[in-house]
Amino acid sequence: MGYPSLASLARALANRETSSAEHVETLISRTAAHAALGGYVGFNPELLRAQARAADSRRSAGETAPLLGVPIALKDNIDAVGWPTSVGTTALLNNKPSRDAAVTERLRGAGALVSGKANMHELAFGITNHNRVTGIACNPWAADRIPGGSSGGCGVLVAAGLVPAAIGTDTGGSVRVPAALCGITSLRPTVGRVSARGVAPISSTRDTAGPMARCVEDLALLDTILTGDPEAVVPVSLAGLRLGLPTGRFWQDLDSGVSAVTQSALEILRRAGVVLVDVDLPGLDQHNEAAGFPIALYEFIPDMTRYLEGSASGISLAELVARIGNQDVAGVLQPLLASGGIPQDVYAKALAARDKLQQVYSTAFAKHQVQALVFPTTPLTARAVSPQDTVEFNGQQRPSFPTFIRNTDPGSNAGIPGVTLPAGLAPDGLPVGLALDGPAHSDRRLLSIAAAVERVLPKPTLAPL
């Protein structure tokens, strides 16, 4: 399937090889044909057509902009005027923001069209996108499998060729897990690099918006627009490039298909001249466990309260939590609110553990002189769509959420940047992701490394719908 990447579509529009109006008709047709995938929770063909006509008129008048006329989907926790921001939850189904989120402003300022709002796991507290409030999202590679989450709808839309790119959010793996399971690329930026204004939060310490797209070139273009960072992203030489193989959890206890595909990717990198170095991360599991959930659960109460108070929804935090529609989310947040939340002293210890986790990473990068760590994004491929909170993995039933985020969570808690790339298909025909984590604030360098790695890995394709 020849659906264009974001960058190639932007070039075709700039060169007047097609028009935005022509392109969105293709998108509208494909979206209608594959509506059962559940990628969108908000899609308005007439509004999209109107945006496209306006973009074509601006171009005809001589205006230029890097994304003029290019459609992009937004996860439904990102505010966009003209669209409800439901955050996938019952109480906010009619939450209509009066102002764009900062990321939406930047995209519109670059000429992008908001194609619609993408499905998500309720309140971003989950990894399956099995949402009883807004509908279940299905993996386009196999409709009986999950797309990952919480930015699952974004992964579906991009992988199915229903939009060239989407903006999701990531707290513990929520742009990288669905990207890996759906066979696309994504970037989790260094925390704080992308403005969080107008994004419904879990945790200000851990959350970040990030792009999901078809290739690293697309990620780099969107990263420039979202952050204003002008640093060039060009592939680096792989000859002599030192990448770290983190010890411990990252390469252990893998699905056989994931192991085969990622080991093949490592061999490709070795043949291309990459120097793969074993990297020890002493204390990582201990500090990660002490930091992750206490920080997120403590900060959810004040951060979500501020978001609700700044919205026009009129919904209180108590009402929001009382009306949660999915048991897995209710099971976390309703007892949290009833108990009064995480104690201040526990939160303080969690922040101290995060500092130690960040030191583990910075020491490892410096000690081993590696520019990024490489590992399987998820230890398993997409599993069956199910309301259950467990997943079959290597002969056992395990809790879905910690199993899927096992490898993405530590870097998330440390706030460092991470990219995932399609590494190939497992024997079950499902995508496998290869992750790259870099030092804090090395985002553009990490994208350059990812572009070089992408060039030698098997060429990915759209899901065979």
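## A polar contact at Asn 119

In this predicted model, a polar atom of the side chain of Asn 119 lies 3.1 Å from the backbone oxygen of Gly 38. Asn 119 belongs to the loop between β3 (113-118) and α5 (152-159), and its relative accessible area is 1%, which is under the 20% that counts as buried.

## The enclosed helix α5

How many of the residues of α5 are buried? The count is 8 of the 8 residues, so α5 is largely enclosed by the rest of the structure. The buried residues include Gly 152, Gly 153, Cys 154 and Gly 155, and also Val 156, Leu 157, Val 158 and Ala 159.

These buried residues pack against several strands, namely β1 (40-42), β2 (71-75), β3, β4 (165-170) and β6 (208-213), as well as against the helix α6 (176-182). After α5 comes Gly 161, which has a positive phi, near 70°.

In soluble globular proteins, nonpolar side chains tend to be buried together. Here the largest nonpolar core holds 77 residues, and the members that touch the most others are Leu 67, Leu 107, Leu 243 and Leu 436. Helix α15 (residues 443-456) gives the most to this core, contributing 7 residues.

When residues up to four places away in sequence are not counted, Leu 67 touches, among others, Leu 6, Ile 72, Leu 107, Ala 110 and Ile 225.

## Two crossing helices

Which way do α1 and α7 lie, parallel or perpendicular to each other? The axes of helix α1 (residues 6-14) and helix α7 (residues 216-227) come within 7 Å and cross at roughly 70°, and the two helices are therefore roughly perpendicular to each other.

At their contact, Leu 6, Ala 7 and Arg 11 of α1 meet Glu 217, Asp 218, Leu 221 and Leu 222 of α7. Sorted by kind, the residues of this contact are 4 nonpolar, no polar and 3 charged.

## Ala 372 in strand β9

Ala 372 lies in strand β9 (residues 372-376) and is buried, with a relative accessible area of 0%. Leaving aside neighbours within four places in sequence, Ala 372 is in contact with Arg 242, Leu 243, Gly 244, Phe 365, Leu 436, Asp 437 and Leu 446. Although Ala 372 and Ile 449 are 77 residues apart along the chain, their C-alpha atoms are separated by 8.2 Å.

Note on methods:
Residues numbered from 1 in each chain as written. Predicted model: local features only at pLDDT ≥ 70, side-chain atom pairs only at ≥ 80, totals over all residues. Heavy atoms only, no water. Helix = DSSP H or I, 4+ residues; strand = E, 2+ residues; numbered from the N terminus. Buried < 20%, exposed > 50% of the residue type's maximum accessible area, 1.4 Å probe, protein only. Polar contact = N/O pair within 3.5 Å; in protein donor to acceptor, adjacent residues only side chain to side chain. Core = buried A, V, L, I, M, F, W, Y, C linked by side-chain atoms within 4.5 Å. Contact = heavy atoms within 4.5 Å. Axes fitted to C-alpha atoms, helices over the stretch in contact; angles between N-to-C directions. Parallel < 35°, antiparallel > 145°, perpendicular 65-115°, else oblique. Nonpolar A, V, L, I, M, F, W, Y, C, P; charged D, E, K, R; others polar.
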